[in-house]
Amino acid sequence: MPQPNRYITDKDHRRTGNLPFFMKAISIGLTTLGVIMTSACNSTSSLNIVTATAEEPNLALGNSKHINQSSQLKVSAIAKRVSNNNPQLRAARLRIQEAQGQVVQSGRLSNPEIELDLRKNVRSSEGGLEVTFAQRFPITNRLRVEKKISNQQLSIAKEEIKVAQKALTAQAQELAIEILHNRQRATYLKKQSALLDEFADFIDSAAARGELSSLDANQAKVESATLKSHLARIQTRDAILLNKLKAYIGLHPDKPLVLSGRLPNATIPTTNLTLNNRPEYRAKLLEIEQAKQNIALQKAKRFEDVEGRLFTSVDREEDAPEGIETEGTIGAGVSIPLQFYNKNEGNIQSARAQAARVTSEKVALALEIQQQVATERAEMQSWIAQSKKLTQSLIPLADTNAQQLENAYRNGQTPFTSVLKARSQQLELQSQNLDNLEAFHKARVRYLAAIGREQSAL
């Protein structure tokens, strides 16, 4: 059998001998493509060329401040302790970091793309290699508007933190007011209980001499025990309120808390409302500006990004009778989307409606703030008027009446029931006065929060 002719002509050599680098490039490209396709086919989820890894939360982003675990707390320091230690506020402040991240990310061009195309004629040595660099870019001011919107969102996030801080501080201060007034009640009850105990001892001594009835002494002891029972409930209430206050200042429940200090004088503040002092109102103004920019953004999105391309290619083609020859090409191109069907009309309409809604919300919020300020001011005036009436006339009259009846009883001029009734009236009037002062101070805290005062209300 004849053997195949292994002789290679010069023409064949020109077709094959000058292709080592070109054939290696094609071989590498085909091999890489095969590996990618094989991995994609064998994967049960997706093609993972680059693996992203999870991270532990980075406390250094803004939540790493030391939490003050001191057991000593002054009333005047409540606002500062809430600001620095409240766990809800510490978590909420990380929203600012989120918004700052969006500021960094916004307003950027999309990443460029590079394309690699390999071609090989399966029946000959012809083939080619083409490399294309493509970049999409907007023809509108979309990126600049996106940057502006993200900066406005950062400002809104900062105002929202101030809103939360103001609310939590006011709630903590109201708890402190209740604790201090309960302690005043406890002090008065101790005083009244001690007087009744002293009075009971006097009656016992007089009864032993046959001057007074021992039944009156027993009644005085019962009244004293009743006051001590009220005192125990107040002390229990004090412990409950202190535990609630711990949550506001970030103090561990197992740690003791000692609240000290005095409340300010019961006077109505002279500071009036300025809407721009309220962080809620400032945030709403920022939302309006953001909504206006969103309209501009949706208008800019009517025009999709244009793509520009630069490319170069190397081709090896047979050129008879010279054989295989290498030819190079460079060029540029542009892809312009035609706005025939989608002009973003729906999103523009939605953005305009959103801007109108936020503007109406600003008007409603201003009215709500004004009503809140007027309500708290009227409440302060009412409580302070009632307190003055009690302290200037009724309580002094009740004290005088109780003392005179006690002296009369000691002299045998009035029954013991009249003394107990006078003591009960004293206690009731003092309790009303403390209730009025507590309500006044709470209304004062809410009023100062309503006008947007940043200093501590206590």
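Trainee: Where is Phe303 found?

Mentor: Phe303 lies in the loop between α8 (279-300) and β5 (306-319), where helices (H or I, at least four residues) and strands (E, at least two) are DSSP runs numbered from the N terminus. This is a predicted model, in which local features need pLDDT of at least 70 and side-chain atom pairs count only at pLDDT 80 or more, while totals for chains, interfaces and linings use all residues. Residues are numbered from 1 along each chain as its sequence is written, and side-chain values use heavy atoms, with hydrogens and water left out.

Trainee: Why is Phe303 called partly exposed?

Mentor: Buried means under 20% relative accessible area and exposed means over 50%, with partly exposed in between (1.4 Å probe, protein chains only). Phe303 has 38% relative accessibility and therefore counts as partly exposed.

Trainee: Which residues make the nonpolar surface patch of about 370 Å²?

Mentor: That patch is made by Leu109, Phe137, Ile139 and Phe303. Patches take residues with over 30% relative accessible area and no salt bridge, joining nonpolar side chains (Val, Leu, Ile, Met, Phe, Trp, Tyr) within 5 Å and like charges within 9 Å; a salt bridge is a side-chain nitrogen of Lys or Arg within 4 Å of a carboxyl oxygen of Asp or Glu.

Trainee: What makes Glu327 partly exposed?

Mentor: Glu327, found in strand β6 (residues 323-335), has 43% relative accessibility, so Glu327 counts as partly exposed. Together with Glu317, Asp319 and Glu322, Glu327 forms a negative surface patch.

Notes: Accessible areas come from the Shrake-Rupley method with a 1.4 Å probe; for residues, only the protein chains shown count as cover. Lys and Arg count as positive and Asp and Glu as negative; His and the chain ends are not counted. The place of a charge is taken as NZ of Lys, CZ of Arg, CG of Asp or CD of Glu.
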